[in-house]
Amino acid sequence: MTEEQRQAILDKVVAMLQTVYDPELPVDIYSLGLVYKIDLDDDANLHIDMTLTAPNCPAADFIVDDARIKLESIEGVKSVDINIVFEPEWNQDMMSEEAKLELGFL
């Protein structure tokens, strides 16, 4: 895959992640800063490292399943691997300015 093709897919990945929401918050997981790593290998396998706002998040399965289904729908992506990590621990400073504003932190 060319670098242009890779970048086009990665742009779609980010856009798709911006449609995945924690059902308890009105902000998408990307803007919340829950996505730590996005990697697309040469075989078009997508690897995501992400976290949750809390280790015992009751919506964890819903969020991961929603992200996986949406990411698998992107043309050019062969497979999706989502790895939940808790290092570094998520905090409010990881949110985008827009997310902070939406949640009343600014």
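**View A. Strands β2 and β3 pair in parallel.** In this predicted model, 6 bridges join β2 to β3; strands pair if DSSP finds at least two bridges between them. Helices (H or I, at least four residues) and strands (E, at least two) are DSSP runs, numbered from the N terminus. His-47 stands opposite Asp-81 of β3. Together with helix α2 (residues 60-72), β2 and β3 form a right-handed β-α-β unit. Right-handed means that, with the strands pointing away from the viewer, the path from the first strand over the helix to the second runs clockwise.

**View B. Ala-44 has a positive phi.** The angle is about 70 degrees, although Ala-44 is not a glycine. Ala-44 sits in the loop between β1 (35-40) and β2 (45-50). Ala-44 counts as buried because its relative accessibility is 9%; buried means under 20% relative accessible area, with a 1.4 Å probe and protein chains only.

**View C. A cis peptide bond links Glu-87 to Pro-88.** Omega is near -5 degrees. Pro-88 belongs to the loop between β3 (79-84) and α3.

**View D. Lys-100 is buried without a salt bridge.** Lys-100 lies in helix α3 (residues 97-102). The nearest side chain of opposite charge, Glu-97, is 4.0 Å away. A salt bridge is a side-chain nitrogen of Lys or Arg within 4 Å of a carboxyl oxygen of Asp or Glu. Leaving out residues up to four places away in sequence, Lys-100 touches Gln-92, Asp-93, Met-95, Phe-105 and Leu-106; contact means heavy atoms within 4.5 Å.

**Notes.** Residues are numbered from 1 along each chain as its sequence is written, and side-chain values use heavy atoms, without hydrogens and water. Local features need pLDDT of at least 70, side-chain atom pairs count only at pLDDT 80 or more, and totals for chains, interfaces and linings use all residues.

Key
Buried < 20%, exposed > 50% of the residue type's maximum accessible area, 1.4 Å probe, protein only. Lys, Arg positive; Asp, Glu negative; His and termini not counted.
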